[in-house]
Amino acid sequence: MAPPLRPRVVMLPGLDGGVGMSGAFLQALRTHGLDAEALSLPVVGGQDYSTLCAWLQPQLPQLPWVLLGESFAGPLAVQIAAQAPRGLCGLVLSTTFARRPVPVPAASAVALAAAWPLPPLPVMARVLLGQWRSPQNVQSLRQALADVPNRVLRQRAASTLRVDVRALLPRIAVPTLCLQAQQDRLLWPPSVAELQALLPTARHMALQGPHLLLQARPEQAAEVVARWVNGLPPASRS
């Protein structure tokens, strides 16, 4: 009989959709003995959740794996997990939401997609990184945003105002871990509370940190995720 496999962690990154800011977190997972990778999101084509979900499907692994959706990608991870793809044995949702994450009317998504002005970097750093911002992670944030056209960022931000995956949450059949950041300055508190209420059997953990929890506190977040992943039921080779 083949030995049990540790599941691979497959991460879907936040609004920028790139993997550059995730390196420290992924490396921290690897130091805990986990295979981990991040899948970047496309910068061409539709940026709505259904289109992105379809684009990601062929890239998903077949062997045992855990899906991690961060921030913008949380609803995307919910959509994928609700389809019960082959090999999926766990779901991690980090600083994310099931529907509109800020108190802005969904109808404003059209204007947001067309003309949303990107806030200045110092403002974004204060909101996303808080007291954990440093020259290194602020520069990483700058580079991550520079790598994505502003129109794509606007389209993704608009998609968050339209998304509503609450009805999919009961379909998730795998163990789920939800990470919240205690100093999150971006997510609307009722949105966080709603996710907690709609996933009553999930493990909910709040860590000290900002919205970009995995980037600002990679070792601490990775320790929690790795401990949870390593506690999942053993997966065997098919």
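I counted two strands as paired if DSSP finds at least two bridges between them. Helices (H or I, at least four residues) and strands (E, at least two) are DSSP runs, numbered from the N terminus. The model is predicted, so to speak of local features I need pLDDT of at least 70, and side-chain atom pairs count only at pLDDT 80 or more, while totals for chains, interfaces and linings use all residues. Residues are numbered from 1 along each chain as its sequence is written, and side-chain values use heavy atoms, with hydrogens and water left out.

**Entry: the sheet.** I found an open sheet of 6 strands, ordered β2-β1-β3-β4-β5-β6 and paired in parallel. β2 (36-38) and β6 sit at the edges with a single partner strand each, so one side of each has no neighbour in the sheet.

**Entry: strand β5.** I looked up the partners of β5 next. Strand β4 (residues 88-94) is joined to β5 by 4 bridges, and T176 in β5 is the bridge partner of L91. Towards strand β6 (residues 203-207) I found 5 bridges, with A181 partnered by L207.

Is β5 buried or exposed? I took buried as under 20% relative accessible area, exposed as over 50% and partly exposed as in between (1.4 Å probe, protein chains only). In β5 (residues 176-181), 6 of the 6 residues are buried, so the strand is largely enclosed by the rest of the structure. T176, C178 and Q180 point one way, and L177, L179 and A181 the other way.
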